[in-house]
Amino acid sequence: MTDILQLKNVCVRFRIKSAMGALFDRTSPASFDAVRDASITLEEGQTLALVGESGAGKSTLALAITGLERIAEGSIQFEGREISQMQANEIREYRRGIGYMWQNAIGSLSPRMTVRSLITEPARIHRVPNVNTRELSSKLLDLVGLSEEFGDRYPHQLSGGQARRVGVARALALNPRLIVADEPTAGLDVSVQGEILNLLNQLQDELKISMLVITHNLNVVRHTSDKIAIMYLGRIVEQGDTAEIFSRPRHPYTLALLSASPSPDPDMQADRIELKGEIPSPINRPSGCEFHTRCPFVKETCSESPPPFEAVSESQALSCYFPR
Amino acid sequence: MIAILRRVIKEPTGLFGLLLVTLIVVSALLAGVVAPYDPIALNIPDRLQSPSQAHLLGTDQLGRDLFSRVLHGGRVALGVALTAIGVALAVGIVLGMLAGFGPRWLDKAILLLFDTIRSFPTVMFALATVALVGPSLQTVIAVIIVTTIPTYGRVVRTQTLSIKSNEFIKAEQVMGAKTTRILGLHILPNIVGPLMILASMDIPTVIALEAGLSFLGMGVKPPTPSWGSILNDGFSLIRVTPWPIIAGSVPLILITLGFTYLGESLRDFIDPKLRKSF
Amino acid sequence: MLLYIVKRTALGVVIVLLAVALLFCMIHLIPGDPARIILGPRATPELIAAMSVRLGLDLPFPVQIARFFANLLRGDLGMDVITNRPVVEIVLGQLPYTLWLIFLSIVFAGLIGIPLGCYSALHRNTLFDRISGFVSVSFITTPSFVVALYALLIFAVALKWFPAVGAGDKGDLLDQAVHLVLPVFSIGLAWVGYLARLVRASMLEVMQESHIRTARAFGLSERRVIYHYALKLAILPTVSVIGVGMGFLLSSALLTEIVFARPGIGKLIYDSVITRNYPVVMGSVLVSTILFVFSTTMSDLINAWLDPRTRKTL
Amino acid sequence: MTEPLLTIRNLSVDYRIDTGRLQALRQINIDVPKGSIVGVVGESGCGKSTLISSIIRLLPHNASVSNGTIEFEGANLLDLSENEMRTMRGTRISIVFQDPMTSLNPVLSIEQQMTHIQYRDQRSTSDKLNKSLAMLESVGIADPRKRITQYPHEYSGGMLQRISIAMALQAQPSLLIADEPTTALDATLEVQIIHLLKDIQAEFGCSILFISHHLGVIAELCDYVVVMYAGEVVEQGTVRDVFHNPAHPYTQKLLECDPAGIQTKTRILPVIPGEIPDLVNLSGGCIFSSRCHCVLPDCETHIPQRREVTSGHSANCHLLSA
């Protein structure tokens, strides 16, 4: 199997102070890393899930993959081509190959356009020759399970679930090789969540598209993804096959995340792991293992030097001195 | 559009505004036909008359029919307002979008320019300009354009910035759209509505400004009729007759009232969020 | 906060300098020779040349602008071409009249407009609210000089309740106060309406916010919810509006001063334009610009300080 | 069931909107026993927030109670005068809102806000401050003396929610309403707040009415659960009864859909097809009939009545009488 996407030691850095501000206040840093040293690999036709809480840097990493956020260090390769070296027009061309589903489904649709023109917008942007937009839009609507009449609606006339479907249709417009889905079920009721996940599963089975799914809820990707990468404070702390992560989570943070969404059964309430305190700020990163401030199993060595990111089995890797 | 109009006239104030604006615009357009007298024809024997059947608003110190002068003055007022606001709007949109969407340094530079121009109190700036080039209608229009550009520019910039942070703009970028496409197809249509409302609410301000400058004798040259110059005549005759003041001010108040009510009801329907920037 | 103060003040200074430069360039870029304008159409070439030398207009442009700024830093705005007194002295002599006029107008507008807006917001859609809305808009839309003309016509000429011209006797405070009534009324009236609308709108918005619901859910009295929890937030926009509004205030002060023949910066500019007293025009426009920039800067700073969200972080 | 603290009977609430009368709540019956935690679960549009607003009587202007009673500590809250109701709020009934970032006043310090809500007490300011400090301490705010002078924006969301809880408990109310108190928070912080609520309940002995759409949290925290759908209570009972033997098709489907409950690997997840019906033009039948997977002829014509499944466990479904 070939890798469609390969990220090596990626850092995304944000400046938080102007040059003048830095002159006045030298005590706090002028920039911080929203993503630090992240390496992930997505195999062709597979689904990788990036899981983490707010501030983990998931969306930033996803935007870096599209080239919308510049990376400060590391490399991002899409089908073997390095994207951080690309010229502006090369990047535009490269983005044809990526379908992006936004977290805010309705907000990501231009408010004054009909669904029909929204989902064919990629074809117009890239001036695809000989394209019949009417046909294309009908095909796309059919693909995502929306009836033809939705073509003439405006974004504000859609429900959350329908807007998601329009987002999927738009992402599919130019036959992408990769789909990035940022929180595909955010804001949806439980009874509708399944619809979107089923749609993504079905599309992948039919069209063999590779997928990167971003979420804060592990359960959402349990049945969708092949591999899972857990992010904390901009770093990947654990990575592995989905089945393995669920059956044998090794990193304490993964454990905590898993226990944070209990099953709806009053008799199956295992002791939930309560993490101490809150996520630290990426501006002032803790020393050593950056999770040590909240880890329920912390030992002295944890705060001294950062644990290496090491494979513990053929498919599972993590950075923890004392894996479970 | 018709739907909006229907909602506007549902509100009593909206209907009131629309009627006033229509009345004054139509009478200004038809001034040449409707006006009973030549607005600049002298008629010394009939001077300083109070309103009568022959002269609805009386006559001024040179015997000119005030009603006819008021009608023709409306043309000047509307002409100045529409030209000035049109040009300022166009320039403001371009500069504002550049500032809002362009690189940070450009944004800062344009903002600084706006702030600098805005730092002159309008009437004083106008007087300084008039002192240099002499009074004329063109000077007034030019001054109004220059001083209004920053207002629109700033609004366009703020709107552009707030729309730019929406996901649908990022979505366009990720799809590979060029900046010109994003600006023209996705940002402009979303800011034009609120801008038009703002502009319609600015028409009275500009008309008042023109009247103010003409009142000071810095605007239109005599004998061209303007509401401001009628008021100026009234000011010098204040101890003799109140009629020129009334004749010059009533249309001025009515048109500002009309445009304001029209703009307010439009704004309330189209964009409730804009209420903040009032 | 300190950094913000420094930054904001620096910006103010930069804006003033740019504005001055702009004004200066305008004089030299707009076709027309200031010397000729001062002396009028019948001046002889010799006289114009002499005046040019006196104004320093014969020097190369960079030298002129450098000299201009150097003089400015020393507080020298040139000489009045008619009386030969320093422009600074003349302008500063007139400034207090205008400042008092503007200050009292704001106080007048605030004292009436803010409670009016508050009351309207809390009694939304009642008859009172509708009437106050209509009246406010009418106030806003009537240009101040028209109000001034009517005030003059009715209260000074017809009823003779208040004096029509001037600022009153120098030593007689009461007389000065009486002379201020009509001008303050003329300038302040639009602002009564404006502040009422503004406070009403922001009050309505704040009352929608969810922390107001929290306050009510804790059983706090409506009085406390309104005056302690809502008004504190709703008043914030008013401060910045008054700061930016200084420009309009200065403009209406100019027109009002002329209608009531009151001394002040506005009247000074107007008279100097009529007598083509060029340096005085520029000097007073400059001073009013500085005043305007100062007030926007101050209002930004006050606003930042009033709001704890910015007070501590900026 | 023990002695009831809050008893809601046949509560109906309408909103006047452009298209007519939106019947947001219809014939609601809920009991909150003393000292218990009752969860209300339902998806968006089920009427959870309207229910809360009705209890604390802070309904929007276009809403009105058309029917029913809300008995609390022996009095019908709907009959109280505005002043009497105000005395109830914050003393006998308190509430923690969904979004801690917007539910506290941004321009007043925590100290000011905590002191203001003690306005009924005749004690000195320093006593009030000490009480506030003690409350903050009990909800796990470290160094309260220093932090109390700070403003809401200086706290994180999790901390603010702790403060909201401290404020709500200050007067030792007998009923604490928690309106999705963890929805705006991250999962690991949600665990903290849930544990805190549990501890607090044990310590203060108040009843909690806990609103959530998160079935797992309800299962963990609550004693009783009320399932709502489109403005009606469709099922209620102890958490164990309802979650183990759901009687109403909606409850069954809802539990099935929860991804946390699906243990075996599947590519096709269960869903409830269809959408919530229009609450302005109600059909005469069961509100869930348009989405139900086991519709009987009666379902489309008759509104099902509440029927006991077992003692203390009831559901509104025609299947139970069939």
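I began in chain A, where A:Tyr232, A:Tyr253 and A:Phe291 form one aromatic cluster. My rule for a pair of Phe, Tyr or Trp rings (the six-membered ring for Trp) is centres within 6.5 Å; planes under 30 degrees apart are stacked, over 60 edge-to-face, and the rest tilted.

This is a predicted model, so I kept local features to pLDDT of at least 70 and side-chain atom pairs to pLDDT 80 or more, while totals for chains, interfaces and linings use all residues. Residues count from 1 along each chain as its sequence is written, chains are lettered from A and ligands numbered from 1 in the order written, and side-chain values use heavy atoms, without hydrogens and water.

Searching the whole structure gave me 21 aromatic pairs over all chains. One of them joins B:Phe120 and B:Phe125: their ring centres are 4.9 Å apart and their planes at 20°, so I logged the pair as stacked. B:Phe120 is buried at 4% relative accessible area, and B:Phe125 is buried at 5% (buried is under 20%, exposed over 50%, partly exposed in between, with a 1.4 Å probe and protein chains only).

Next I noted C:Phe108 and C:Phe185, a tilted pair with 6.3 Å between centres and 50° between planes. C:Phe108 is in helix 5 (residues 87-122) of chain C and C:Phe185 in helix 8 (residues 173-208) of chain C, so this pair ties together parts 77 residues apart in sequence. Helices here are DSSP runs of H or I, at least four residues, numbered from the N terminus. C:Phe185 is partly exposed, at 30%.

Last, I checked for charges over rings (NZ of Lys or CZ of Arg within 6 Å of the ring centre and within 35 degrees of the ring normal). A:Arg324 lies over the face of A:Phe297, 3.7 Å from the ring centre.

Methods: Helix = DSSP H or I, 4+ residues; strand = E, 2+ residues; numbered from the N terminus.
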